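Reader: I'm new to this one and could use a guide. Could you pick a part, take a close look at it and then show me around from there?

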Amino acid sequence: MDKYQEQPHLLDHHLEGMMNSLLEIVWDSGSPPPLVHLAFKFLYIITKVRGYKRFLPLFPHEVRDLQPVLDMLAKQNPRDPETWETRYMLLLWLSMICLIPFDLARFDGNLVSLEGQARQPTMDRILDMAKCYLVVSDKARDAAAVLVSKFIVRPDVKQSRMADFLDWMLSMLSKSSSQTMEGTVIVNGMLQALVNTAFPLKDCWVYAATVLECLDSCKLSESNQMVLRKLGMKLVQRLGLTFVKPKVAKWRSAQGAAVQNQKREVSPAEADDDDEEYDIPAEIENVVEQLLVGLKDKDTIVRWSAAKGIGRITGRLPKELADDVIGSLLDCFSFQETDNAWHGGCLALAELGRRGLLLPSRIPDVVPVMLKALTYDEKRGACSVGSNVRDAACYVCWAFARAYEPAELIPFISHISSALVIAAVFDRDVNCRRAASGTFPHGIDILTAADYFAVGNRVNCYLTISVYIAGFSEYTQPMIDHLVNMKINHWDSVIRELSTKALHNITPQAPEYMANVVLPRLLPLSVGSDLHTRHGAILACAEITHALCKLAQDNNRKKMPVSEKNFLFLNLLYFSLKILRYEVSKCISVPLLQESAVSALAALCNEFYINERGEADPALQDELVTQYVSELQNSEEMIRCGFSRALGALPRFLLKGRLQQVLEGLKKVTVISPEDVSFAEARRDALIAIAKVCQTVGVKGDGCQQEFVCRDNVDQIYATLLTGVTDYTTDSRGDVGGWVREAAMSSLMEVTLLLVQNEAELINASICKQIMCWLAQQSAEKIDKFRAHAGSVFLTLLHFDHPAVPHIPHREELERIFPRWEKETLNWNAASEAFPRITQLLGLPAYQYHVLLGLSVSVGGLTETTLRYSAQSLFDHMKKIQSDPSALGSFCETLLKVFEDNLRNDRVSVPLLTMLDQMLANGCFDMFTDHPFPLKLFTLCKEEIKRSKDIRKLRSSIGVFCGLIQFRGDMREKVFFQLFLLLCHPFPIIRKTTASQVYEMLLTYSDVVDPAIMEQAMAILSDTNWEAELPVVRERRNCLCDLMRVPRPQLVAKVRWECAPGAAFSMELSLRMFPASCRTRGMAEAAA
């Protein structure tokens, strides 16, 4: 049945046949219950697709069907979740049968059964069934409400049972709470029944007042259940209709009345009814007030129901009262109201308009409201609300066009048509653009270009359709004004950018208006405090200026001379670099804005700041450079970024004589201080700017340091750039120092190649060695992106030959490792290709330290691919040098040097411990029998974990200590003592890890313990709960010490020094532990 969902009327010719086939199964007494339930399930599926109102008359509804259906329904279990379709269909069937035109008392006959027990009348049985199913939580509740609505209108039922049944419903409604699940189900059922019963109440409106009073006490408007609020709103409006005469207002507008009369057949009584005065019940005021409150509901379906109610009731009121309703409705359109109120108000206006209930005298009040609603857009957090308001405003315009004569709308047609065209082209949401594309002046031409499908593409609307429509003079200026007033300051940066491009495209349609009105309006906005407005105004100024320039070139006009407006534009560029807040700047793509402003600044300086001699005005140059350099120390990071880029983009004539001032200012930005440690982007941009400044001023070895890169400042430049390669700052964003290192490497390459091509003798051997070594280190590190960049720069400098870079250490060996033909093909991003090459540099003395430092971070890292290939490459190198004692000794000395230089530098020391653990496990140092390396390594490891609380570092050190057990002599006692200290560490996870690894160590190196005690020692390690309390663990640890003849660690007592009579101080050492032998050396030596 799914394929009929969109066009269910195609089933109409087949419905009766399908129903009869399924009901044959139901009537067959031999059908098993599961088959009957399946038949009703299929009937429900058909009903769901076609709708029960169309399906209901097809049910058999003869007198003979009443008792069997009633009996079948009585046999059902109301709580069975598997057969609800059966109950639903039986209730619908019964609602059709109960319309038979016979008094139900005739079906009762003799109410005394054969057993002598009184039988229940049929009328009561049906009402009891309805009561039972009105309070269930499944779909049968809806069918029970339909049954009540049809059964209660029977004359016999209305006369004898209606009052009691209404009392029961109202009592259930008042006793139930919509705050509980059970209460919500009951209230839902009662409301559905009352809603469907409301129209019959027009004959007995006394009941309606009672129902309305009960409904007021329930306070459904405060419920958090949307369905209950919707049903409450529908019930209120239907009750309201019972209080007023069912008449057609004669005061409606003629066209609106004609439209409505086409949709409904007006009875003679209504058509001939005059406008005589009649009393309006007081309850109407309550009803209208509730409907006006419903227009502000948070859910659209409730607002829509309230709007329809306003339209229906207003159509039955006298003209004066109806006008009061409209006046109250217009109060919804206040900017103190929420978007919900605006949306509900628009829906109500549309309902009144299409019914002809908004008289022409009200048009001047309604049109301004409607025009505001067509552009309603309120920002909420990172998005905005108002698309539903604009969509509803288009519905209002549609209703007005059909409700009024053309002559009545002529005074307002230009404003309405302009607003609709603007909405059809420039609205952010596609549904609003499509809703606004209607009939207006030049409608055929415009709709040909802006049809339903064309306005679906937003970029096409802004850049193509808008240009065509702007060609009609009625729309040109309103479109431009809308873009300037509403769109260039929009919260969505995409809309801002499209708006400025649209202004560029529309400029040829109104160049004078753009130059004389729009630009002077935009320039103050471009230096305002609102970032969205500033961004849009700057882009708009640029786009309009560009369009005017192209237009002038096409018309062979000269360029505009320097004037006050040009200096205002320079001021605009200055402020565009000065971004006030970083958090907000991310939302408006400030990096793009800064790049655009920097490009514009460079072009403008070259155009207006240079005189005929190719020089800058000294005063202007001093003011500009000083101002830009001073902003480099601003407390906002984005301001530093912007002015760093600006200094890098300044032309040579502005840098002449000011080079050192600029370089010093940029150097200060690159220095890391506690206040700006997280300003990585500012440091990055400063390093990039230094390279750009050097390229701009050029190189002259014997030149002045204020004008050129020369002998006097080249060392300072290199020192600043090399400092950037050591930036390993991290914050919540991750390794932000990587941005700085990447920029430093690029700048080093650019400056070096600049010097090589001009004054190669300015590059000394020390500088070149530092550059290549740092690049080699970065090429061995763990982050693929930065490793690839470093490798690319390294090979560029190595293979550059126009001329060659001088003083590169081990050039021949490097060219053998990295052949020239592999410069472009070597994939540094792939660890499998990069590490086998870079580890070969470990055999070159000049590079060994830095490459090993980089490898330490990679081998001890967390990324599986990087770890695997870097470790394998390192182990392959170690195998090659096992037979060369001098090479191995040199490697170990370098390794210890790396460790010593990075003690307590967790970025290096933690992965280094992991790497050492792997190297010891792989037997990389097996040839050392009597060598100081193991002892030095043990000492460094012990110093590294001293007072450390870093779990990862402590766990890595345990593996290193266990690996050092392979070296004989005093080393083993020292290692055991250190491991036994860790067995009583304050952290349970460290104690457990130590015990586990010591157990594995004893299995691996079985010769370190006497075989006689091996089993007992391993039992203590495996059976002890090392996460228990410290006193318990310490006792088991001491047993292990005694068993293996290792001195027990002892707690150090508090030490007290007497300084002078009457003065003393004491120091309690942390829980450091010493072997028992230390106690004999005195407390002073132990403390030392």
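Author: Leucine 35 comes out at 35%, so it is partly exposed. Before we go on, keep in mind that this is a predicted model, where local features need a pLDDT of at least 70, side-chain atom pairs count only at pLDDT 80 or more, and totals for chains, interfaces and linings use all residues. Numbering runs from 1 along each chain as its sequence is written, and side-chain values rest on heavy atoms, with hydrogens and water left out.

Leucine 35 sits in helix 2, residues 33–50. (Helices are DSSP runs of H or I with at least four residues, strands are runs of E with at least two, and both are numbered from the N terminus.)

Now for a leucine with another setting. Leucine 73 belongs to helix 4, residues 66–74, and its relative accessibility is 0%, so it counts as buried. What does leucine 73 touch, leaving out residues up to four places away in sequence? Its contacts are Arg87, Leu90, Leu91, Leu94, Met129 and Tyr133, where contact means heavy atoms within 4.5 Å. Arginine 87 is 14 residues away along the chain, and its C-alpha atom is 6.7 Å from that of leucine 73.

Two threonines are worth a stop as well. Threonine 184 lies in helix 10, residues 181–197, and is buried at 11%. Beyond residues up to four places away in sequence, threonine 184 touches Ser177, Ser178, Gln225 and Leu228. Threonine 729 is found in the loop between helix 38 (714–724) and helix 39, and at 11% it is buried too.

Helix 39 spans residues 737–758 and holds serine 746, which is buried with a relative accessible area of 18%. The C-alpha atoms of serine 746 and alanine 790 are 8.6 Å apart, though 44 residues separate the two along the chain.

On to the rings. There are 19 aromatic pairs in the structure; rings of Phe, Tyr and Trp (its six-membered ring) pair if their centres lie within 6.5 Å, with planes under 30 degrees apart called stacked, over 60 edge-to-face, and the rest tilted. One of them joins tyrosine 628 and phenylalanine 643 edge-to-face, at 5.1 Å between centres and 65 degrees between planes. Tyrosine 628 is in helix 33 (residues 618–630) and phenylalanine 643 in helix 34 (residues 637–649), 15 residues apart. Tyrosine 628 is buried at 1%, and phenylalanine 643 is buried at 0%. Phenylalanine 794 and tyrosine 847 also pair: their centres are 6.4 Å apart and their planes meet at 70 degrees, so this pair is edge-to-face. Both of these residues are buried. Elsewhere, ring pairs link Phe333, Phe335, Trp342 and Tyr376 into a cluster.

Last, the cysteines. How many disulfides turn up in a search of the whole structure? The count is 0, a disulfide being a pair of cysteine sulfur atoms within 2.5 Å. Cysteine 710 has its closest cysteine sulfur in cysteine 704, but at 6.9 Å that is too far for a bond. Cysteine 710 is buried, at 0% relative accessibility. For cysteine 892, the closest cysteine sulfur is in cysteine 924, 9.3 Å off and again too far for a bond. Cysteine 892 is buried at 1%.

Technical notes. Buried means under 20% relative accessible area, exposed over 50%, partly exposed in between (1.4 Å probe, protein chains only).
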